[in-house]
Amino acid sequence: MSEASLPKTYDPAGTEARWQAAWEAAGAFHPDPSAPGEPFSVVIPPPNVTGSLHMGHGFETALIDTVVRFQRLQGKNVLCLPGTDHASIAVQSILEKQIKAEGGSKDDLGRDAFLERAWAWKAESGGTIVGQLRRLGYSVDWRRERFTLDPGLNKAVVEAFVRLHEQGLIFRGEYLVNWCPASGSAVSDLEVEMKETDGHLWHFRYPLSDGTAADGTDHLVVATTRPETLLGDTGVAVHPGDPRYAALVGRTITLPLVGRQIPIVADEHVDPAFGTGCVKVTPAHDPNDFAIGARHGLPLITVMAKDGSMNAAAGRFAGLDRFEARAAVVAAMEAEGFLVKVEPHRHSVPFSDRGKVPVEPLLSTQWFARAEPLAARCRAALDQGEPRFVPQRWEKVYRDWLTDIRDWCISRQLWWGHRIPAWFVVSETGGVITDATPYVVVRDAEEAQAKAEAQFGAASRAAGRALQLEQDPDVLDTWFSSGLWPFSTLGWPDPNAADLATWYPTSVLVTGFDIIFFWVARMTMLAGAFLQDDGVPVGGRTSWIPFRDVMIHGLVRDENNRKMSKSAGNGIDPLPLIERYGADALRFALVREVAGAGQDIRLDYDRASGDSATVEGARNFANKLWNATRFALMNLGGETPATLGDPDPADLTLADRWILSRLARVNGETAERYGSYALGEAAKGLYEFAWNEVCDWTIELLKRRLNPRPAVEGVPFSAEALADQRVARQVLAKVLNELLVLLHPLMPHLSEELWHGLTGAPEGTFLALQAWPALNKAALDAALEAQFAELIEAIRVVRNLRAVAGLKPAQAAPVVFLTGRPELATVLRAGSGDITALTRAASVQVLDPAAAAQRASARTLAAVSGELQVLLPIEGLVDLDALRGRLEKDIAKAEKEIKGLAGRLANPNFAGKAPPEVVAECQANLADAEAQAALARGRLEGLG
RNA sequence: GCCCGAUUAGCUCAGCGGUAGAGCGCCUGCCUUACAAGCAGGAUGUCGCUGGUUCGAAACCGGCAUCGGGCACCA
């Protein structure tokens, strides 16, 4: 970057690509586990390989990268590990849809060919995603990139499954599971979404089969929202305390359409106040009924097949789809006189998250993880403050879910995923897998053979059978492998894995609140099974919980305030915004929006035009920094911060000391904010400091010192002017240099580019790997900052007066300040040069008001600010009406203030109870306001 | 039903006990040799409603309203 070639506007595209390539080529973010520095690690939430990323991922990436880049500047040994997730159901359903559109089916294709296709898809989608992440400037270690189906991660999954099974935490059994007929697989409770749906409540007559009761009752009326399940009824339940039915308990019903004899049982679960107080019980098709059935020994009759159609047990309804069967059952009941009434009924229906169809509770044999023992450890850890949630309120959400947790169904009837490491000894059950087939859970086929041989070999041979094994065809829930992510990616289960030793537990997990259950809790639960022993972390670690902090962020919402998601189709691709405004601008905009505690953010974006005012604002900020540096390069005389060195404190002007004090303060504040995940505040603070204090004031004030004018044309500069020029250069170089470091976590490419331009750092060195500037405590001076604020205010008042007077910018005018406060007078005199420069003052005088009373002509433009009167004695030019208006405004403002302050002070309770310093401040303010009002009134009267 | 958020300027949002803030938008004047993606100046709010605590409330507490989210759900 050289002065001559530096354009007036910043063009991010080339710059960003260049630095991304340079960082990666140099391995800048590829850490060595044995390197010095406190370890700091983050594993990124692996995006699903279901296509491409949207702004939500961009947002999360910006947050994570800001955190890790900051920690790197802090000198930590930082690992940020990227990767992607295989997303079993999502990817498989995408592929099945594709195959279906081509007229085929996955079964035609066969498992191997299907998986081949899935890997091809993964390559494409994963490539797209990685490209998007790179484009954002993510400072991750690409050499450690992982995919949840990698061999290494598969090894971890198998190991985890086997160990959990050994610990008795994984079992196989026949239970009601959430069956998704669309994907043909079981899904976990978390993958079910309850949706309010308009349905019906059908009331059916169920006749008593053993005659009329004493009171003349010959039937019961039950109500149901799912008539087709009636075919599987094996009982009717009433509340034990319900007097209406007390006499009927123990008697028998003849199930309509089926003719089965089913008992009437008494069960606490029944709510006597709902409907008729009688409930049909279908244990094989409803979770509550399953529980009732279990309590009363009712048989389980499954009437539905796995594709959602009725099976042979449904008799004449067999073969019908479940919804056709519903209509057919209702029609049959009506025809046979069993339908009492139908009423509209709005109720919650469980839908499959992925399949988008109602799930069917279906009796099926699945693998489950016992959740309570795993959850109990996590609750105990949480009691010790691990992990720490930011914002803290999410801790409750996490804890509540871990309390009263249900077992986790981990098997999926899918092909794309980690195959379950269980081998069935099918030779024991006629060559097929049945619920009764014995199995072994081991690490591989060879081990399976050996173990099965040991257990069944002899008996098998005795029976004249050859031992025959078959691996479970099912795969594991995707979240099972994601749940191992923080340690499987670091090398677990290898006990000698260096990465694991250095970087586990990770430092912070940054993720959205929507996956606290799915993912955060699963990671802590699974870590508890492998990385602790009796509550003590294995390997001498500080903790077994996989992350010290959990930073929960909000979601990115679209212009209609809807959560951005792939399924809703409202996702915004970050790439067009990056191309238009730059990755740094997008990152800065996203982070700057997130000041609050995990609130959702809304990104304004016009889909038609591609405009985003928010990102444009950040782009403008980038350009502002670009130009500030450009200005510096034009004015440092070819020197760099290093060659210039720090200025001698004795040489500093008031303005110099002010900006250096501000710089030190902002340094401290920003480090504190980055370190505590207050990233939005950090971004806002830097924006204001850079734009308002550095650009608007400091650079403007430095200009005349950087470019001194000789007193007489052609005469060389004085030694003083040259010395001061050097001080000005030192200040400018220092402020800008340090500012670029502070900004780096937010705007990595721009800051890297400008830093190289400013410092002339050699190729191969990176701002990304520099040290955060030491806090210059000696420069901090609160009193000075307050003084300088007064100078700024004085300049503002002059500028305002000039605007009121309608003076042309180039028109010089004399300025007179009147103040009775000596300290203020001193500051104004010290800053008179600055005032001259920034207000086009023809002259600046600072006078005592008493001494100067008669000097001020009535026809002088005047304003009052605090204890300061500002006069513009430019009689010929003054617009009297404007002058009056200005004074009247001042008076009104002062009076309003007086009223408020006097009211407070008049309250005896205030003086009595408020802290003395507050009262004193109030009195001082009142005195100021009164003085101000009096001065302004005097001026106004003087005008006549 | 239970639990969390949110409600502040036209818009998007900070502020969380001591006289209401930012960005964008708006109005006025400026191409002032870093930047018009800019500069200077300006206008704009019964801080959702309602009680209470306090000398003092946008902020703390209670209730209500509206919007959003999560969890649990009765056939």
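1. The surface near RNA strand B is made up of 20 nonpolar, 16 polar and 22 charged residues, where Ala, Val, Leu, Ile, Met, Phe, Trp, Tyr, Cys and Pro count as nonpolar, Asp, Glu, Lys and Arg as charged, and the others, Gly among them, as polar. A residue is taken as near a strand if one of its heavy atoms lies within 4 Å of it.

2. On the basis of the values: this is a predicted model, in which local features need pLDDT of at least 70 and side-chain atom pairs count only at pLDDT 80 or more, while totals for chains, interfaces and linings use all residues. Residues are numbered from 1 along each chain as its sequence is written, chains are lettered from A and ligands numbered from 1 in the order in which they are written, and side-chain values use heavy atoms, with hydrogens and water left out.

3. Of the 58 residues around RNA strand B, those that come nearest are A223, F274, N288, R619 and R630.

4. Helices (H or I, at least four residues) and strands (E, at least two) are DSSP runs, numbered from the N terminus.

5. N623, which is found in helix α18, has a side-chain N or O atom 3.0 Å from a sugar or linking oxygen of RNA strand B. Leaving aside residues up to four places away in sequence, N623 touches K8, T9 and Y10, contact meaning heavy atoms within 4.5 Å.

6. Helix α18 (residues 613–635) packs with helix α21 (residues 679–706) at an angle of about 25°, their axes being 11 Å apart. The two helices are therefore roughly parallel to each other, a term that covers angles under 35 degrees. The residues making the contact include F621, L625 and F631 of α18, and Y687, W691 and D696 of α21; those of the whole contact divide into 11 nonpolar, 2 polar and 3 charged.

How values were computed. Axes are lines fitted to C-alpha atoms, for helices over the stretch in contact, and angles run from 0 to 180 degrees between N-to-C directions. Angles under 35 degrees count as roughly parallel, over 145 as roughly antiparallel, 65 to 115 as roughly perpendicular and the rest as oblique. A polar contact is a pair of N or O atoms within 3.5 Å; within protein, one must be able to donate a hydrogen and the other to accept it, and residues adjacent in sequence count only if both atoms are side-chain atoms.
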